[in-house]
Structures are given as structure tokens and as C-alpha cells.
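Let's take a friendly walk through a protein model. Have the sequence and the 3D view ready, and follow along one place at a time.

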Amino acid sequence: MAKKSAPLSPPAANDRVRLELDFDRAELLGALFGQYDQNLIAIENRLGVYIAARGNRLSIEGEAHAAARARDVLTGLYNRLALGQGVDIGDVEGALALSQDPSLEGLVRAEDGGASPVIIRTRRKTIVPRSPTQLRYMEALARQDIIFALGPAGTGKTYVAVAQAVSQLIAGSVDRLILSRPAVEAGERLGFLPGDMREKVDPYLRPLYDALYDMLPSEQVERRIASGEIEIAPIAFMRGRTLANAFVILDEAQNTTPEQMKMFLTRFGQGSRMVVCGDPKQVDLPNPGRSGLNDATQRLEGIDGIAVVRFGVADVVRHPIVGRIVEAYEGPNA
């Protein structure tokens, strides 16, 4: 466990302080600090603090509020390692984002080595929220029947939904996992695609496969696809079906028409859950004003059993430069 020593008297928020952390397990510190101390450097740069390591002890110097955030982030990351979970630069950025919200203090620090109160476990990964919006999203995934996840690329909309779906499939709370996506070209003309039906539609559905292989061993993915437990198909294949006891995900939903969206949503069956993911600002339809995603959220937001979660640039959890790129394209000068 990380042992913290507080300053002698409570400082003002803008006073400079020095905090110290002692760690019990030296073998975890390499993973905590990151390759070439990249994790410590990221925390220093984001919070404007100075971190020095000596043996099993870290000292943190900076303004009181920033130093306390750094302490809580490092404590939480260390406790995650102590539980056998990995830590990468994305986890560091996520913990920093969560630490901005005082109401999430316990989630950031995970005191006494306790696990995050909101997690998703799969065969290969344990998913924890990396932003306050992701936390609300994961809570909605656990409670609501239909969830709309809106926002830019890199916020984890589809990835977290696939993790929840795999977790429920493993637990037996659903019988099938159905992943769907409209086959709309993203600003390109792909022309004729050779092969059978699966080979023709696979290029459009590849991001869903990538998320699956992150959550399950490859042989399990292939076996479950062959048995029909996991189905990956374009949205046109949903017509005429009733999807009972299934976890259904529609990705790139901004590229559906209102008619397609209505058809998809009315496939909802007993014991099922649906997640609809998309970025309203990235519509590739010939008529962008005819996006089924925008139409559906306007009609359905506020209905009992339906949640709408909106992500922003601050929720991007890929490499930090992705957030800056999204902001440059979607900011006030876009």
C-alpha cells in the first residue's frame, strides 16, 4: 500500500507544499513510473508539480491542490498495480482527468487497495473509467435498456460498450452479442469488393473486431462467431428480426437514416440491451441533415429506460495529441 504523509497544517489552495508517499512494494515502482519515467513526467506536466523519487519514497512539490491531485493519482495507480492490473499512459491520463472532479476522489485513489466501484471485467482486460463522462456511461450501461453514446473519436464509446457486452456474455446474462454498423463509405469510393458476404462487409466492421480481440482470446472470438454467440453484421441484416436476450451495439450510428434507426431500435426484445454509438459531427451520408442518430436523440431523450451520454473533447482517452487534433477541427475556429 502507499502510505502518505500530509503537511503539518492545512495549506491554502495556492500555497506551495511538499507531500511524501511511501510504497511497500518496490517491484511495482517501475510500472508505476513508466518507461523512462514517462508516467511521472505526464503528471508533472499536467499538474505543474515536481516529483522526485528516492528508494520507495516519492516527494511531490507544488501548489497544494495540484500536489494533492498528484498524490491521489499516484496512490490510485499504485493500488491498481497491487491488485494485479496494468498501468499505461492512458491510465495515467484517465486518472488525471478523473482527479479534476472532487466528487470522484474515492474512485481516483481507490483507498486501501479497493477496486473501482465501477469496473468491467473481461477475459483479457479490466476496464475502469478514464473520464467523468466515461464513469456516467459505464453506470448507464449497467442500468439502462437503451443507451445513446454521442461524441468524437477516441472517447471510448464503442470500446467500453463492447467490453460491457463481452462481460455480460461471459456472465451468461445475455445469450448473444450482436455488433452492427451501417456500410457507408467515409468520404471515399471503395468500388467493387470481391469475396463472399462476410469478406465484403468486414472492412466496414473491422473496428468492432479489434475491440473484441482486445476483450477475448482470439480462439474464443472465432469459436463464438462460428457458434452464433457473436454476430457481426451490417445494419441491413437486422430487418425483420426480434433480438431477445441479446446485447446489441450499433456503431457509427450517425450514418444511419431515420428509417434505418427506427427499424434498428424496434428490433429490441425481451432481456436485451442496446447501445447506439456515433459522432453527430462526422456524418458521411449524402444528405447529412438526414442522420438517424440526431433524429433519434431528439425524439427519445428523456424517455424512461433510455439514456443519452454526451462525450466531449476533454473525454478523449487515446494519445493526448488526439484530443488536441479533435479540438483543432471542432473548436471555435473550425
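## Starting at aspartate 251

Leaving aside its neighbours within four places in sequence, aspartate 251 is in contact with Thr158, Ser180, Arg181, Pro182, Leu208 and Cys277; contact means heavy atoms within 4.5 Å.

Is aspartate 251 buried or exposed? Aspartate 251 counts as buried because its relative accessibility is 6%. Buried means under 20% relative accessible area, exposed over 50%, and partly exposed in between, using a 1.4 Å probe and protein chains only. You can find aspartate 251 in the loop between strand 10 (246–250) and helix 10 (258–265). Helices (H or I, at least four residues) and strands (E, at least two) are DSSP runs, numbered from the N terminus.

## How the model is read

This is a predicted model, where local features need pLDDT of at least 70, side-chain atom pairs count only at pLDDT 80 or more, and totals for chains, interfaces and linings use all residues. Residues are numbered from 1 along each chain as its sequence is written, and side-chain values use heavy atoms, with hydrogens and water left out.

The predictor's confidence in each residue is called pLDDT and goes from 0 to 100. The chain has a mean pLDDT of 82, and 81% of its residues reach 70 or more. Over residues 5–11, though, pLDDT stays under 50. Where pLDDT is low, the predicted coordinates should not be read in detail.

## Cores and strands

The protein chain has 12 helices and 12 strands, and buried residues make up 51% of its 334 residues. Its largest nonpolar core has 38 residues, with Tyr137, Leu177 and Ile232 among those with the most contacts inside it. Such a core is a set of buried Ala, Val, Leu, Ile, Met, Phe, Trp, Tyr and Cys residues joined through side-chain atoms within 4.5 Å. Helix 7 (residues 157–171) gives the most to this core, with 7 residues.

Strand 12 (residues 306–310) is mostly covered, as 4 of its 5 residues are buried. Strand 12 runs parallel to strand 7 (residues 146–150), and 5 bridges join the two; strands pair if DSSP finds at least two bridges between them.
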